[in-house]
Amino acid sequence: MPAAGHWRLMGKSPFTVSRHRLANMANKAILLIAAGLTGVAASALAVALVVAGGSYVEPPPGLPDPGPLVVWGSSALRLATELAAIMTIGWLLAASIIDPSSKEGVVSRSGRSDLVRASIAALAWAVLAIVQAFFLVADVLGLPLTEAMSPEIFSTYALEIPAARALIATALLAIVVAVGAFTTSTTGAGLSWLLVGVVAAVLPALAGHGAGLGDHALALTSGVAHIAAAVLWVGGLVALGIHAVRRDFPLTRPIERFSAIALTAFVLIAVSGLANAYTRLESPAQLFTTGYGQVTLSKVVLLVGLAGIAWVMRSRMARNVATSSRALVFARLAGLELTVMAIAIGLGVALATTSPPRVESAFQTLGESLLGFAYPPEPTIASVSLGFRMEPFLLAASLLAASAYCVGVARLLRRGDRWSWGRTVSWLLGIGIVIWCTNSNIAVYAQVSVGLHMVQHMTLTMLAPIMLVLGAPATLALRALRPAPGNDRGPREWLVWFLHSRLTGVLTNPFFVFFLYVIGLYGLYFTPLFGWLMGSHVGHIAMQVHFILAGYLFYWVLIGIDPRPKPLPYWGRLMMLLLALSIHGFFAVAMMMGTQPMASEWYGVVRPPWMADPLQDTLNGGQVAWGLSEIPTLIVLIVIAVQWARSDDREAVRRDRQADRDGDAELTAYNERLTRLAGRDSAS
């Protein structure tokens with residue numbers, strides 16, 4: 001063993017040298033594990049492509065042939081792109097939620113390292129997405145790769161192919177995430193980049209072939225949910241497993257936080273996987289009789305068995321995982337889990353790049369093909385107000401919001417606290433209105449009639465948000481959620497951060513809210529944007545979400561109970577309400593005075609037989625916009641008056657209590673001032 005002086009000359013201690021060696025060994029082990037998992041995923045992809053029928057097959061003479069390099073390379077690049085996305089999102093999830101941090105939101109040293117790793121992975125993600133776009137253009141056009149990479153061909157056709165367009169958008173967002181993560185030092189900003197990364201990861205699913213099948217709404221929603229849950233689950237497990245190998249910090253609390261995320265992700269993957277199988281298979285028998293179904297069944301078996309074993313074992317280890325030996329055991333468990341996940345990812349990529357056995361339904365008219373369903377019968381009160389046609393995204397979000405609210409109320413009551421039943425009824429009534437507007441027959445008729453669309457719009461924007469705002473969900477959450485122990489930032493701390501953030505200050509700024517309200521009317525309906533959004537299911541959902549959020553922000557400023565950065569005075573709220581009413585009235589008058597049907601590029605195509613006069617339908621929409629605005633305005637006016645009166649009563653009570661404490665010093669000082677003024681007048 002070297003003498004002590006030798007260690008002093010080197011400037012290091014034996015402990016430091018062993019620590020560096022241990023870190024180098026850990027890095028080498030991580031690289032070997034990563035290479036092995038990539039190989040496992042690639043092998044599973046190759047086998048699944050052969051079984052499902054997505055491998056290269058030489059076409060008959062005379063048909064375009066991109067060649068085996070393009071066909072196999074497209075699938076391989078999609079796998080590599082998804083792995084880069086998983087690594088990016090995993091490191092962002094670790095830095096913003098899993099890693100230790102302060103309640104002030106400053107990331108730890110390990111969190112900062114994870115942000116740098118996320119930035120590097122995001123750059124690789126962007127490059128792989130662009131390269132995949134070149135292969136995709138070659139595959140779709142049936143050209144050799146060298147021809148598809150020419151600037152003339154790529155610039156001409158890339159933006160015309162939805163999947164290639166989605167990959168280009170993914171690459172741009174990945175670059176934004178790379179720059180943002182590298183310059184970030186807070187968990188709040190890291191969470192923002194995490195959300196951007198998840199959006200970039202799900203963009204290709206919005207342009208997938210599943211959107212063209214029957215039940216395309218369910219196919220799109222389940223595809224997006226499946227990818228978002230998978231990248232969060234797998235990415236978080238990768239980051240946590242690497243930290244276990246490196247022994248960066250104690251893993252007890254990080255494993256507890258990630259276990260909740262993993263359980264939620266598993267539920268989403270299970271439900272969305274069933275929905276995906278339903279939209280891509282004609283019958284359950286095809287799970288056994290087709291190669292596509294067999295690969296799907298294999299993936300389901302892998303994920304279900306893996307989730308059950310991993311959850312049981314992790315729950316037992318989470319109680320005593322702080323020691324080094326326990327950390328190594330968790331690292332081995334994470335490696336086993338990731339191996340099975342790599343196989344599942346390979347199978348998933350194979351399914352995404354293979355045509356499903358289900359045949360697209362054929363409709364009699366072009367309008368019905370664009371809608372995805374047959375024209376509804378001539379509207380009646382019963383046919384419009386009743387019926388059910390599921391819109392999965394908004395239905396699931398509404399049910400989740402209602403369930404979370406009820407859980408919060410139950411927690412308060414179980415603790416012995418009180419919560420207004422009026423607020424509970426108001427929230428559930430608002431959720432019910434949203435579900436009716438988006439999942440009943442009014443949602444069907446709104447896609448073929450301007451007048452009935454205005455019924456849906458006015459209800460979503462002006463009635464449902466009033467009920468939701470009066471439910472005070474943020475106040476309930478602040479009372480129901482428990483503070484996180486120590487320096488951790490839990491859900492309650494995240495909510496407090498959001499309510500006091502600059503973003504909330506902008507969102508509740510009266511000028512911004514009013515601008516959003518005006519743009520939602522004039523900028524949407526008097527421009528081609530409305531017809532363009534109606535022509536896409538994603539655009540249609542985005543428009544409905546805009547209606548709900550814009551209305552919620554507007555009424556949060558006017559009658560909101562939840563805390564916000566700078567509440568508006570009550571006289572200012574009345575002025576804002578009257579100004580919005582006048583703007584809305586001008587909009588309705590402009591519709592009723594129109595000489596051309598609204599959004600003829602959409603409603604002129606999806607025109608059922610009973611729609612005899614599209615111009616009259618537009619005029620009816622203006623009358624609906626004029627008439628339905630009065631009821632919500634009256635409700636809000638009454639609420640503002642009641643809140644103003646209660647505010648004056650509270651102020652009077654506060655002044656009386658202050659007078660009791662100081663012997664009415666304020667009134668005494670005021671009377672003395674009047675006495676001095678009177679004496680000065682007498683002297684003059």
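Arginine 117 counts as partly exposed because its relative accessibility is 24%; on this scale, buried means under 20% relative accessible area, exposed means over 50%, and partly exposed lies in between, with a 1.4 Å probe and protein chains only. Please bear in mind that this is a predicted model, in which local features need pLDDT of at least 70, side-chain atom pairs count only at pLDDT 80 or more, and totals for chains, interfaces and linings use all residues. Residues are numbered from 1 along each chain as its sequence is written, and side-chain values use heavy atoms, with hydrogens and water left out.

What does arginine 117 meet in a salt bridge? Its partner is aspartate 114, at 2.6 Å from N to O. A salt bridge here is a side-chain nitrogen of Lys or Arg within 4 Å of a carboxyl oxygen of Asp or Glu. Side chains of opposite charge can pair when their charged atoms come close. Aspartate 114 and arginine 117 are separated by about one helical turn, because they are three residues apart in helix H4, residues 109–141. Helices are DSSP runs of H or I with at least four residues, numbered from the N terminus. Is aspartate 114 buried or exposed? Aspartate 114 is buried, as its relative accessible area is 0%.

The structure holds three salt bridges. Another of them joins glutamate 82 to arginine 78, with the closest N and O atoms 3.5 Å apart. These two residues are four apart in helix H3, residues 68–98, and so about one helical turn separates them. Glutamate 82 is partly exposed, at 27% relative accessibility. There is also a salt bridge between the side chains of aspartate 417 and arginine 415, at 2.8 Å from N to O. Aspartate 417 is partly exposed at 27%, and arginine 415 is partly exposed at 44%.

Let us return to helix H3. Of its 31 residues, 22 are buried, so H3 is largely enclosed by the rest of the structure.

Finally, I turn to leucine 338, in helix H13, residues 324–352. Leucine 338 counts as buried because its relative accessibility is 10%. Which residues does leucine 338 touch, not counting those up to four places away in sequence? They are Leu37, Val234, Leu237 and Val238, where contact means heavy atoms within 4.5 Å. The C-alpha atoms of leucine 338 and alanine 34 are separated by 9.8 Å, although these residues are 304 apart along the chain.
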